[in-house]
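These are my notebook entries on a single protein model. I record what I looked up, one topic at a time.

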Amino acid sequence: MHIWVDADACPRVIKDILYRAAERRGIPLTLVANQPLTVPPSRHIRTQQVGAGFDVADNHIVAQVAPGDLVITADIPLAAEVVEKGAQALDPRGELYTTENIRQRLNMRDFMDTLRSSGVDTGGPASLSQTERQAFANHLDRILTKRISAGSSG
């Protein structure tokens, strides 16, 4: 298993949770971004800087992700692509994207885009709450525990 992070918009507190999890569990973690990133020194954590441009980081993640990997992203189209490839996608707010819910999420995203393009102010996402941080950490822990258990019994 490999954890990929769509790092340009990933909140710092979520990255910190991921750094600790990668180190504690010995799981490779790669943060993909259009800009240089500073990460803690670790043999499990690395960064991949990609060129600037629309969806360049997303395209890199999709090209690299393998079935069984985990992608951390709030980008719903990216989540849809990685789920289609057999990987899991987890939102920084703690929601797991699945084959069952991704179509609905894409439809809602497209609807909100239509509203914004017609001049409706839909506001931005709320700040990451403590409850959402905890939901993310708990969901991440469940995914990693399940993967590691499956790996050791398989």
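**Entry 1. Surface and overall make-up.** I began with the accessible surface: the protein exposes about 8,500 Å², and carbon and sulfur atoms supply 51% of that area. I note that the model is predicted. I then looked up burial and found that 38% of the 154 residues count as buried. For the contacts between residues at least 6 apart in sequence, I recorded that 50% join residues at least 24 apart.

**Entry 2. Secondary structure.** I listed the elements of the protein, which come to 5 helices and 6 strands. Following the sequence, I wrote down the pattern β-α-β-β-α-β-α-β-β-α-α.

**Entry 3. The sheet.** In what order do the strands of the open sheet stand? I read the order as β3-β2-β1-β4-β5-β6, a sheet of 6 strands with mixed pairing. β3 and β6 (96–97) are at the edges with a single partner strand each, so one side of each has no neighbour in the sheet. I next examined β1 and β4, which pair in the parallel sense over 3 bridges. Within β4, Val71 is the residue that stands opposite Trp4.

**Entry 4. Helices on the sheet.** I looked up two helices that touch the strands. α1 packs on the sheet through β1, β2, β3 and β4, and its direction makes about 150° with that of β2. α2 also lies across β1, β2, β3 and β4; I recorded an angle of about 165° between α2 and β1. Which residues of α2 are buried? I found Ala57, Asp58, His60, Ile61 and Val62. These buried residues pack against β1, β2, β3 and β4, and also against α3 (76–84). As background, I noted that an α-helix has 3.6 residues a turn, so residues three or four places apart point the same way.

**Entry 5. The nonpolar cores.** I turned to the largest nonpolar core, which has 24 residues. Those that touch the most other members are Ile3, Val5, Leu18, Leu29, Ile72 and Leu140. Two or more residues come from each of β1 (3–6), α1 (12–25), β2 (29–33), β4 (70–72) and α5 (130–153). Which element gives the most to this core? The answer is α1, with 6 residues. I then followed Leu18: leaving aside neighbours within four places in sequence, its contacts are Ile3, Val5, Leu29, Ile72, Phe136 and Leu140. A second, separate core holds 19 residues, among them Val50, Ala57, Val65 and Val83.

**Entry 6. Leu70.** I selected Leu70, a residue of strand β4.

**Entry 7. Asp55.** Asp55 is in the loop between β3 (45–49) and α2 (56–64). Its phi is positive, about 65°, although Asp55 is not a glycine.

Definitions and conventions: Residues numbered from 1 in each chain as written. Predicted model: local features only at pLDDT ≥ 70, side-chain atom pairs only at ≥ 80, totals over all residues. Heavy atoms only, no water. Core = buried A, V, L, I, M, F, W, Y, C linked by side-chain atoms within 4.5 Å. Buried < 20%, exposed > 50% of the residue type's maximum accessible area, 1.4 Å probe, protein only. Helix = DSSP H or I, 4+ residues; strand = E, 2+ residues; numbered from the N terminus. Contact = heavy atoms within 4.5 Å. Pairing = 2+ DSSP bridges. Axes fitted to C-alpha atoms, helices over the stretch in contact; angles between N-to-C directions. Areas by Shrake-Rupley, 256 points an atom, 1.4 Å probe, with all protein chains shown as cover.
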